[in-house]
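Q: I have a model open and I'd like to learn how to read it feature by feature. Can you walk me through it?

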Amino acid sequence: MAIVLGIYERLIRALHHIGLSTVQKFLGAITLKRDKLSEARAELRHIDFGFLAALAVGAALAIKALSDLIKYLFNNQHDPTHGFFCGLILASIIIPAKMLKRFSVKAFIVLLIAVALTVGLSLGMIGEDKLENASKKYELKENRQSSISASGIVEPDADSEVGNISVMKLLYLFFCGAISASAMILPGISGSFILLLLGIYFDVIAAVSRLDWLVLAIFAVGCGIGLLAFTRLLNYVLERHRDLTISFLIGLMAGSLYGLWPFRKYEIVGGERIDVAHIIPQMNLNLLITSLAFLAGCGAILLFYRFEQREAS
């Protein structure tokens with residue numbers, strides 16, 4: 001979306017300028033000395049702080065405002081929602097494709113590797129094993145609640161209490177934040193999809209909904225570190241292996257369509273939907289609505305792309 005809206009290169013430059021010197025100058029401003037304050041103001045201009053702040057505030061407000069809606073759509077309008085995202089990603093492929101200077105055999109091989117990688121990750125999101133694990137988790141939770149009810153002891157739900165989150169869970173949240181933020185800076189790659197692949201998308205959405213500050217803080221720190229580190233890596237790779245890097249990104253986008261295939265065989269375990277396998281859709285109203293959502297996703301990207309092209313000219 002950053003590419004479509006024409007702000008991608010500015011975003012990359014702004015993030016690339018943030019470093020240890022930025023932190024040092026901001027800490028120096030705490031002394032309130034005139035020269036230190038001047039250095040801090042100059043650094044704010046250098047990193048394009050106004051642009052980054054406006055982008056961050058807008059993103060935060062959108063996440064908070066829409067988290068419950070997205071959760072509802074995934075749970076209650078699964079197929080049309082996935083169809084819309086498929087449309088977004090498929091249409092978005094044209095943008096990095098236009099960035100290619102030459103599409104060689106090596107670039108095609110890299111693209112296929114990226115497709116295989118994404119499809120492999122997607123396969124981990126569905127299947128009988130995941131259904132079995134979800135069933136065991138639900139049975140353990142039900143047995144625990146039954147034991148508590150029988151003993152008359154009231155205990156908090158482990159899933160809703162911050163204090164019961166394990167250190168390993170927090171470390172995994174940090175890792176997922178760093179990986180998803182790295183994905184967000186790639187053209188057309190969805191950080192939300194990476195979170196879906198890593199299995200914590202709904203955990204993060206739930207944390208936003210209930211303002212679970214510990215989870216959000218750990219996740220945000222991971223996002224920040226991953227974003228700053230990967231921006232430098234992306235600049236390095238794009239400068240030296242531009243076409244191969246972009247081909248890899250196109251492969252990730254194309255492969256993600258498999259993971260977002262709307263029509264699934266599924267089971268409901270403890271109120272949670274568990275996808276088991278892809279299926280061929282039937283000719284019914286759901287197929288029509290999902291197809292319209294897919295076209296709406298394509299249309300949204302093409303509309304933004306035309307707007308960006310007109311602004312650029």
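Predicted model: local features only at pLDDT ≥ 70, side-chain atom pairs only at ≥ 80, totals over all residues.

Q: Where does L32 sit, and what is its phi?
A: Most residues other than glycine have a negative phi. L32 has a positive one, near 65 degrees, and sits in the loop between α2 (20-28) and α3 (34-46). Helices here are DSSP runs (H or I, at least four residues), as are strands (E, at least two), numbered from the N terminus. D48 also has a positive phi, near 60 degrees, and its place is the loop between α3 and α4. L211, which follows α11, has a positive phi near 55 degrees.

Q: How many helices and strands does the chain have?
A: There are 14 helices and 2 strands. Of the 313 residues, 36% count as buried. The accessible surface comes to about 18,400 Å², and 66% of that belongs to carbon and sulfur atoms; areas come from the Shrake-Rupley method with a 1.4 Å probe, and for residues only the protein chains shown count as cover.

Q: How do I read a salt bridge, and how many are there?
A: Side chains of opposite charge can pair when their charged atoms come close. The cut-off is a side-chain nitrogen of Lys or Arg within 4 Å of a carboxyl oxygen of Asp or Glu, and the count comes to 2. In one, R10 meets D48 at 2.6 Å, N to O. That pair links distant parts of the chain, with R10 in helix α1 and D48 in the loop between α3 and α4, 38 residues apart. R10 is partly exposed at 38% relative accessibility, and D48 is partly exposed at 22%.

Q: Which residue forms a salt bridge with K25?
A: That's E43, with the closest N and O atoms 3.3 Å apart. K25 lies in helix α2 and E43 in helix α3, so the pair ties together parts 18 residues apart in sequence. K25 is partly exposed at 30%, whereas E43 is buried at 4%.

Q: What about the nonpolar core: which residues touch the most other members?
A: In soluble globular proteins, nonpolar side chains tend to be buried together. A nonpolar core is a set of buried Ala, Val, Leu, Ile, Met, Phe, Trp, Tyr and Cys residues joined through side-chain atoms within 4.5 Å. The largest one has 21 residues, and L11, L15, L52, I185, L234 and I250 touch the most other members. The elements giving two or more residues to this core are α1 (8-16), α4 (49-76), α5 (78-92), α12 (213-240) and α13 (242-259). The largest share, 5 residues, comes from α1. Apart from this core lies another of 16 residues, including C176, V204, A207 and V215.

Q: Which residues of helix α11 are buried?
A: In α11 (residues 201-210), they are Y201, V204, I205, A206, A207 and V208.

Q: Which residues does A114 touch?
A: Contact means heavy atoms within 4.5 Å. Not counting residues up to four places away in sequence, A114 touches F248, G251 and L252. A114 is found in helix α7 (residues 105-123) and is buried, at 0% relative accessible area. A114 and I250 are 136 residues apart in sequence and 8.0 Å apart in space, C-alpha to C-alpha. Across the chain, residues 24 or more positions apart account for 75% of the contacts with a separation of 6 or more.

Q: And how do I read the pair of rings in W261 and F263?
A: A pair of aromatic rings is described by the distance of the centres and the angle of the planes. Rings of Phe, Tyr and Trp (its six-membered ring) pair if their centres lie within 6.5 Å; planes under 30 degrees apart count as stacked, over 60 as edge-to-face and the rest as tilted. The structure holds 4 such pairs. The W261 and F263 centres are 5.5 Å apart with planes at 70 degrees, so this pair is edge-to-face. W261 is partly exposed at 31%, and F263 is buried at 7%.

Definitions and conventions. Residues numbered from 1 in each chain as written. Heavy atoms only, no water. Buried < 20%, exposed > 50% of the residue type's maximum accessible area, 1.4 Å probe, protein only.
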